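Me: Please take a close look at one helix pairing in this model. Then set that part in its surroundings.

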Amino acid sequence: IRCWSNIPFITMPLSRAHGKSFAHRSELKHAKRIVVKLGSAVVTRGDECGLALGRLASIVEQVSMLQNQGREMMIVTSGAVAFGKQRLRHEILLSQSVRQALHSGQSQLKDMAVPVLEARACAAAGQSGLMALYEAMFTQYSICAAQILVTNLDFHDEQKRRNLNGTLHELLRMNIVPIINTNDAVVPPPEPNSDLQGVNVISVKDNDSLAARLAVEMKTDLLIVLSDVEGLFDSPPGSDDAKLIDIFYPGDQQSVTFGTKSRVGMGGMEAKVKAALWALQGGTSVVIANGTHPKISGHVITDIVEGKKVGTFFSEVKPAGPTVEQQGEMARAGGRTLAALQPEQRADIIYHLADLLTDQREEIILANKKDLEEAENKGRLALPLLKRLSLSTSKLNSLAIGLRQIAASSQDSVGRVLRRTRIAKDLDLEQVTVPIGVLLVIFESRPDCLPQVCALAIASGNGLLLKGGKEAAHSNQILHHLTQEALSIHGVKDAVQLVNTREEVEDLCRLDKLIDLIIPRGSSQLVRNIQKAAKGIPVMGHSEGICHVYVDTDASVEKVTRIIRDSKCEYPAACNALETLLIHRDLLRTPLFDQIIDMLRVEQVKIHAGPKFASYLTFSPSEVKSLRTEYGDLECCIEVVDGVHEAIEHIHKYGSSHTDVIITENEKTAEFFLQHVDSACVFWNASTRFSDGYRFGLGAEVGISTSRIHARGPVGIEGLLTTKWLLRGDNHVVSDFSEHGSMKYLHESLPLPQRNTN
């Protein structure tokens with residue numbers, strides 16, 4: 001027995017204990033009982049006469065999918081008035097046309113006017129047709145639907161409430177989707193002073209309040225309110241400064257300015273918020289989202305249930321720190337302040353961070369030890385990833401050296417003049433380097449990546465959002481704390497933010513108004529997922545590191561095994577490790593080939609035979625499943641080629657444009673390989689492992705890019721800069737340069753200022 005409004009009624013137990021709403025979006029996937037409220041603007045067409053059939057069909061498909069997953073779905077729908085208006089208009093026009101044809105002839109048909117239709121009459125005419133449409137749509141998914149019409153009086157009468165509650169529970173028990181609507185044909189006006197007056201009183205004046213009341217009465221886990229706006233904004237949508245509120249908390253109403261209601265329907269956004277807060281108090285989570293946008297309406301309901309960042313989520317649990325949107329704004333403002341510092345000040349911050357890495361190494365290693373212990377206990381990381389996760393004194397010393405290298409080389413990175421042109425007399429143009437803006441760097445199992453990326457962002461004057469893997473949470477926390485300590489010496493602590501909220505990576509990739517560039521650092525699957533999820537934000541990186549070493553007929557015996565061993569065995573989990581070894585056909589069954597195989601066996605490298613290599617062998621190793629494989633472990637593929645041309649062709653077909661190597665003493669063959677292989681890094685007689693920002697002298701790298709625009713290969717400071725144009729004139733106007741104007745274009749190249757090479 002449960003009491004509400006001092007009236008007891010029977011409820012049935014749910015698989016989830018009801019009483020508190022979900023605290024985070026990620027928990028919404030556990031919602032068992034869900035109410036979907038369809039606003040008038042969602043259900044009706046733009047002309048308000050008739051239903052938006054395509055949109056409605058998509059919603060029914062999503063509800064059916066969730067119902068078939070074992071959830072209990074209910075729909076509170078509008079649309080009867082619009083459907084009835086369409087039918088009545090048609091009937092009136094038909095009737096008028098017949099009468100006028102009899103009495104006035106065809107000439108007056110065009111002057112016919114449709115009278116204003118009373119809403120209750122439209123509802124009466126449209127209710128049956130609306131339900132028939134729902135039934136036909138749900139039948140396509142083998143789901144039965146049932147109609148329930150209610151009024152405010154049904155909630156004030158004890159017996160009627162009991163009956164309604166029992167009916168709904170019985171329908172849900174039989175796997176039937178209840179479709180509920182206010183009985184607009186007989187509904188009385190709302191009672192004065194009884195509209196949402198606290199948790200014990202709620203007047204059913206529209207479908208928003210009806211959905212909220214039903215959600216609480218039925219102990220619903222989730223209420224989804226679909227309207228014609230993306231969610232709740234802090235000011236009327238469409239105004240210049242309007243921002244979508246991701247999470248709304250009770251008590252935040254004062255920070256919101258409500259606009260007018262939607263084009264159709266009885267309730268506006270203010271009514272939706274009041275109803276949502278009332279439902280939230282009753283233990284039901286609420287999301288208000290857009291059900292009309294053609295790009296998202298086809299999956300908006302399922303996205304919400306999956307916990308994706310859609311619409312406005314109402315929560316009673318306020319996070320301890322800032323939201324990711326606030327962090328993005330802080331990074332933007334902090335980045336601009338950082339870019340305005342003198343180069344020596346930015347370098348000073350990086351030097352200080354390098355000192356902190358060595359001075360605080362015991363605390364860092366202690367935090368890292370916690371991460372390693374947790375990962376080992378949970379057994380969720382493979383050995384190569386555990387190696388990436390581990391920090392040591394030598395790693396920290398190497399990091400500090402790299403950071404000092406960045407600081408020393410960054411003195412004139414921001415604001416460097418690339419081009420000077422005299423457009424006309426006293427009109428000079430400059431192209432200068434500037435930061436990109438706000439970077440989002442997402443990395444897995446690599447805490448050493450954090451200070452490297454921070455140093456590069458600081459040197460280039462960029463704001464930075466960091467999203468690390470949870471397996472390195474303790475390490476990331478202390479490294480970020482040290483970074484902010486270094487930034488504080490010049491008052492730019494906010495420029496670097498570590499995202500600790502439960503934001504999904506896919507949600508972060510949608511923040512196109514806050515983030516200018518995404519840089520993923522991790523597995524090929526992570527990079528592919530980010531490239532797929534990024535909406536309007538460029539992604540810099542590589543999805544795979546399929547690196548090749550080609551051994552030519554003129555290769556040196558002494559160099560071959562050293563280079564191959566280093567490329568494959570020095571750090572097999574790295575993206576610049578050898579994955580496919582190409583052998584010239586003439587080297588098969590030679591002492592050099594035997595040395596290569598013996599060395600790989602000693603190093604315990606598992607060999608996979610390519611199709612051509614397998615054809616030469618009586619008993620071959622396991623044949624490779626794909627020539628486009630990144631093993632990331634002590635495994636590699638061996639394939640045979642006829643010469644340098646076929647090697648290049650193979651690399652272009654199966655490689656990832658990362659790093660490819662030729663081993664040969666023939667300079668002509670080597671130069672041909674270097675010029676014709678279309679990869680970010682192409683080497684001659686050197687290990688693939690040299691493909692690294694630190695080894696290139698960049699100090700560090702934010703990653704390796706295989707894209708063909710902007711930065712390519714190991715990306716250091718230069719890859720995090722863009723340019724802007726500065727034009728200095730003196731009362732110049734374009735009309736002076738017209739055919740009869742007084743001025744002429746000069747377009748003279750001017751010398752560049754001397755660079756600081758210290």
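Reply: Arg161, Leu164, Asn165 and Leu168 of H6 meet Arg213, Leu214 and Glu217 of H7. By type, the residues of this contact divide into three nonpolar, one polar and three charged. The model is a predicted one.

Now the geometry. Helix H6 covers residues 158-173, and helix H7 covers residues 207-217. Their axes are 11 Å apart, at an angle of about 75 degrees. Angles of 65 to 115 degrees count as roughly perpendicular, so H6 is roughly perpendicular to H7.

Asn175 lies in the loop between H6 and strand S6 (177-182). Asn175 is not a glycine, yet its phi is positive, at about 65 degrees. Its relative accessible area is 40%, so Asn175 is partly exposed.

Asn685 also deserves a look. Phi of Asn685 is near 55 degrees, again a positive value in a residue other than glycine. Asn685 sits in the loop between strand S22 (681-684) and strand S23 (703-705). Its relative accessibility is 22%, and Asn685 therefore counts as partly exposed.

Another helix pair is H12 (residues 361-378) with H16 (residues 473-487). Here the axes are 7 Å apart and the angle is about 155 degrees. That makes H12 roughly antiparallel to H16, because angles over 145 degrees count that way. H12 brings Glu363, Ile364, Ala367, Asn368, Lys370, Asp371 and Glu374 to the contact. H16 brings Ala473, His474, Ser475, Ile478, Leu479 and Leu482. The residues of this contact divide into six nonpolar, three polar and four charged.

H12 also has a part in covering H14. The buried residues of H14 are covered by elements including helix H11 (343-359), H12 and helix H15 (449-460). H14 spans residues 393-409, which is 17 residues. From first C-alpha to last, H14 reaches 25 Å, close to the 24 Å expected at 1.5 Å a residue. Leu396, Leu399, Ala400, Gly402, Leu403, Ile406 and Ala407 are buried in H14. They cover an arc of only 165 degrees around the axis, so they lie on the same side of H14. An α-helix has 3.6 residues a turn, so residues three or four places apart point the same way.

Last, the whole chain. The protein chain has 758 residues, of which 53% count as buried. Its secondary structure comes to 23 helices and 26 strands. Among contacts with a separation of 6 or more, 75% join residues 24 or more positions apart.

Key. Residues numbered from 1 in each chain as written. Predicted model: local features only at pLDDT ≥ 70, side-chain atom pairs only at ≥ 80, totals over all residues. Heavy atoms only, no water. Axes fitted to C-alpha atoms, helices over the stretch in contact; angles between N-to-C directions. Helix = DSSP H or I, 4+ residues; strand = E, 2+ residues; numbered from the N terminus. Parallel < 35°, antiparallel > 145°, perpendicular 65-115°, else oblique. Contact = heavy atoms within 4.5 Å. Nonpolar A, V, L, I, M, F, W, Y, C, P; charged D, E, K, R; others polar. Expected span 1.5 Å × (residues − 1). Buried < 20%, exposed > 50% of the residue type's maximum accessible area, 1.4 Å probe, protein only. Arc of directions from axis to C-beta.
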